[in-house]
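Colleague: I have a new model open and would like to learn how to read it. Could you walk me through a few features?

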Amino acid sequence: MKNRNKIICFGEPLVRFQALDTHFIDEQHQLNIYPGGSEANVAVRLASLGHQTSFVSLGPDNLIMKEYLSVLASKKVGIQDFKLKGDRLGTYFLLSPNGLTKGEVVYDRKYSSFSQLKHEDFDWDNLFEDCQLFHWTALTPALSESTAQVMKKILQKAEEKGVCISVDLNYRNKLWQYGKSPLEVMPKLVEYCDLILGNIWAESIMLGSPIEESLDIRTPSEKYLDLASEIAHHLFVQFPKAKLIGNTFRFSKNKNHNFLFGTAHSKQRNALSDLYETYELVDRIGSGDAFMAGVISSYLKGESELEMVNSGIWEAYKKLFIKGDF
C-alpha cells in the first residue's frame, strides 16, 4: 500500500464576479474576477500549511478553466486528477463589496460541468490508495439528486478504503432547489464522516439537531459553548463514527465588522477558542473555508481540541484581510 499522506478536496470549481462598490451595475461597468469554490479554497490553504493536497473535480476545456488550474498549481495544489469535461464553468455574482451574506449572491451553476458529474468520471479506487483525508461539503449534494447519489457512492468507497472523511456543512438555501430538503439528504451522507464541521444552525437544518432561536451576537460565548456541547453529544449519538465536531460563530454589526470564535468537541472534551473582532475587514469570502483548513491540519497533527479550534479560528480571522476567495 502507498504511504497515505495526501488530502483530497472534492467539489465544484467556481469563478466569482465581484462588485467594485455597493452597486453591482454602476456607471463604470467594472467587476473583479476571482477563482473560488469552497473545496478549492480549503485545498489552497492546506497546501500552504504544508500538506500534500489534491483538488479533484471537473470543468470545461476552455481558457478560463485552464487559467483557474494554473492558479491552483501555483499554490502547490495538485491538479493531476482534475478532469476537463463538459461545457460550463459555474460562477457566482457577489452583489456587495466584501462578502456580506444577506442574500446578495446570485449563482449561475445550473448545467455546469460539475453538476453533470458521474461516479465513473473518476477512478476512486486508485485515488484513495494514498489518501489520508477526503474533504467534501454540503454544496455538492445541494446541486441535484444525482450529485447527492454520486456523493454517497464516493463516501462509501472512501470508507471502504479506510480514508478519514471530513465534511463542511455549508448551507446555501438558494442551491437546494430539486425537491428534497437537506434533512432528507445529509444525514445519510454525514454518517460516513469522521469530522463534522460547520455551525450549530447548519447542523440543525441539515442534521436535525436541537437549536435555540433566540441566540445572537449578544449571547455570551460560554453559553454558545454549553449549547454546542449539548448539540455535539446529540450528534455523536446520531453519528457514532464521528470523532470531532467543530463550529464557527461569526457575527457582524455592519459591512466592516466581524466577531468570531469557535468550538471543538470530541467524545471526551469540549473547547472554546480565542475570540477575535475587527472593524476593518477586507473580504469575508473564504473565511469559513480557512477555518476548515486550520482544523483539519491540526487534527492530522494529533493536536488537542483546543489547539484544533484555535488553529481554525486564527486561519478564519486572517482570511478576513485577504482579497479574493483563496
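Predicted model: local features only at pLDDT ≥ 70, side-chain atom pairs only at ≥ 80, totals over all residues.

Colleague: Let's start with the sheet: in what order do the 4 strands of the open sheet come?

Modeller: To read a sheet, follow the pairing from strand to strand. Here the order is β3-β2-β7-β8, with mixed pairing. At the edges sit β3 (31–36) and β8 (105–108), each of which pairs on one side only. On average, neighbouring strands in this sheet are turned by 20 degrees against each other, ignoring direction.

Colleague: In which sense do β2 and β3 pair?

Modeller: Look at the bridges between them. Strand β2, residues 14–19, pairs with β3 in the antiparallel sense over 6 bridges. For instance, Leu14 has Gly36 in β3 as its bridge partner.

Colleague: And how should I read the largest nonpolar core?

Modeller: The general idea is that nonpolar side chains tend to be buried together in soluble globular proteins. In this model the largest nonpolar core has 55 residues, and those touching the most other members are Phe10, Phe134, Trp136, Met186 and Ile196. Helix α9 (residues 221–238) gives the most to this core, with 7 residues. The contacts of Phe10 beyond four places in sequence include Val56, Phe114, Leu117, Phe134 and Trp136. There is also a second, separate core of 39 residues, with Ile7, Cys9, Val42 and Met308 among them.

Notes
Residues numbered from 1 in each chain as written. Heavy atoms only, no water. Pairing = 2+ DSSP bridges. Helix = DSSP H or I, 4+ residues; strand = E, 2+ residues; numbered from the N terminus. Axes fitted to C-alpha atoms, helices over the stretch in contact; angles between N-to-C directions. Core = buried A, V, L, I, M, F, W, Y, C linked by side-chain atoms within 4.5 Å. Buried < 20%, exposed > 50% of the residue type's maximum accessible area, 1.4 Å probe, protein only. Contact = heavy atoms within 4.5 Å.
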